[in-house]
Amino acid sequence: MKVPLCKVEEIPDEGVKTADFFGRELLILKSDGESKAILNYCMHLGGPMKREKDKLVCTWHGAEFDCAKGTCLKGPARPDSRLIVLPTQVENGVLTYVYGE
């Protein structure tokens with residue numbers, strides 16, 4: 001299955017672009033030059049995330065996650081928790097979710 005998410009040129013070098021993914025909000029961003037699509041859902045209690053430089057921070061309780069890998073940097077989320085980073089690739093200038101290919 002392939003689902004186009006957005007044109008790569010629309011992804012800001014800093015900050016995020018949001019996109020709908022089957023009724024869920026994605027945060028689309030660049031980290032270390034790579035485009036990422038991350039579900040906007042904190043692994044602590046499901047709160048929304050905001051970008052602060054190279055990390056995503058939960059607006060409810062302040063849990064912090066690495067933008068590049070989605071790994072937890074600071075609680076109250078569990079230390080072994082990770083954000084949901086979707087598998088993507090760029091096809092004809094469009095960031096595309098790719099599953100089962």
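**Entry 1: the sheet**

I began with a working rule: two strands pair if DSSP finds at least two bridges between them. Strands themselves are DSSP runs (E, at least two residues), numbered from the N terminus. With that in hand, I looked up β6 (residues 55–58) and found 3 bridges joining strand β6 to β7, the two running antiparallel.

Before going further, I noted that this is a predicted model, where local features need pLDDT of at least 70, side-chain atom pairs count only at pLDDT 80 or more, and totals for chains, interfaces and linings use all residues. Residues are numbered from 1 along each chain as its sequence is written, and side-chain values use heavy atoms, with hydrogens and water left out.

Next I asked myself in what order the strands of the open sheet come. I read the order as β5-β6-β7-β8, 4 strands with antiparallel pairing. β5 (49–52) and β8 are at the edges with a single partner strand each, so one side of each has no neighbour in the sheet. I also wrote down the twist, which averages 35° from one strand to the next; the axes behind such angles are lines fitted to C-alpha atoms (for helices over the stretch in contact), and angles run from 0 to 180 degrees between N-to-C directions.

A reminder to myself: strands of a sheet pair through backbone hydrogen bonds, either parallel or antiparallel.

**Entry 2**

I then followed L56 both ways: R51 stands opposite L56 in β6, and L56 in turn stands opposite F65 in β7.

From there I moved to E64, which lies in strand β7 (residues 64–66). Is E64 buried or exposed? E64 counts as buried, because its relative accessibility is 14% and the cut-offs are under 20% for buried, over 50% for exposed and partly exposed in between (1.4 Å probe, protein chains only). I listed its contacts (heavy atoms within 4.5 Å): leaving aside neighbours within four places in sequence, E64 touches K55, L56, V57, T71, C72, L73 and K74.

**Entry 3: S81 in its loop**

I found S81 in the loop between β8 (72–74) and β9 (88–91). S81 is buried, at 13% relative accessibility. What does the side chain of S81 reach? I found the backbone oxygen of R78, at 2.6 Å. Beyond four places in sequence, S81 is in contact with M43, F65, G70, T71 and C72.

**Entry 4: L95 in β10**

L95 sits in strand β10 (residues 94–98), and I noted a relative accessible area of 1%, so L95 is buried. Its contact list, with neighbours within four places in sequence left out, includes V3, P4, L5, C6, V8, I11 and I28. S35, K36, T88, Q89 and V90 are also among the contacts of L95. I checked one C-alpha distance too: L95 and V85 are 10 residues apart along the chain and separated by 13 Å.

**Entry 5: the rings**

I searched for aromatic pairs and got 3 in the structure. Rings of Phe, Tyr and Trp (its six-membered ring) pair if their centres lie within 6.5 Å; planes under 30 degrees apart count as stacked, over 60 as edge-to-face and the rest as tilted. F21 and F22 make an edge-to-face pair, because their planes stand at 80° with the ring centres 4.9 Å apart. F21 is buried at a relative accessible area of 12%, whereas F22 is exposed at 59%. Y97 and Y99 form a stacked pair, 6.5 Å centre to centre with 0° between the planes. Y97 is buried at 10% relative accessibility, whereas Y99 is exposed at 53%. I was pleased to see F21, F22, Y97 and Y99 in one aromatic cluster.

**Entry 6: the cysteines**

How many disulfides are there in the whole structure? My search found 0, taking a disulfide as a pair of cysteine sulfur atoms within 2.5 Å. The closest cysteine sulfur to that of C6 is in C67, at 15 Å, which is too far for a bond. C6 is buried, with a relative accessible area of 7%. C67 is in no disulfide either, its nearest cysteine sulfur being that of C72, 13 Å away. C67 is also buried, at 0% relative accessibility.

Technical notes: A polar contact is a pair of N or O atoms within 3.5 Å; within protein, one must be able to donate a hydrogen and the other to accept it, and residues adjacent in sequence count only if both atoms are side-chain atoms.
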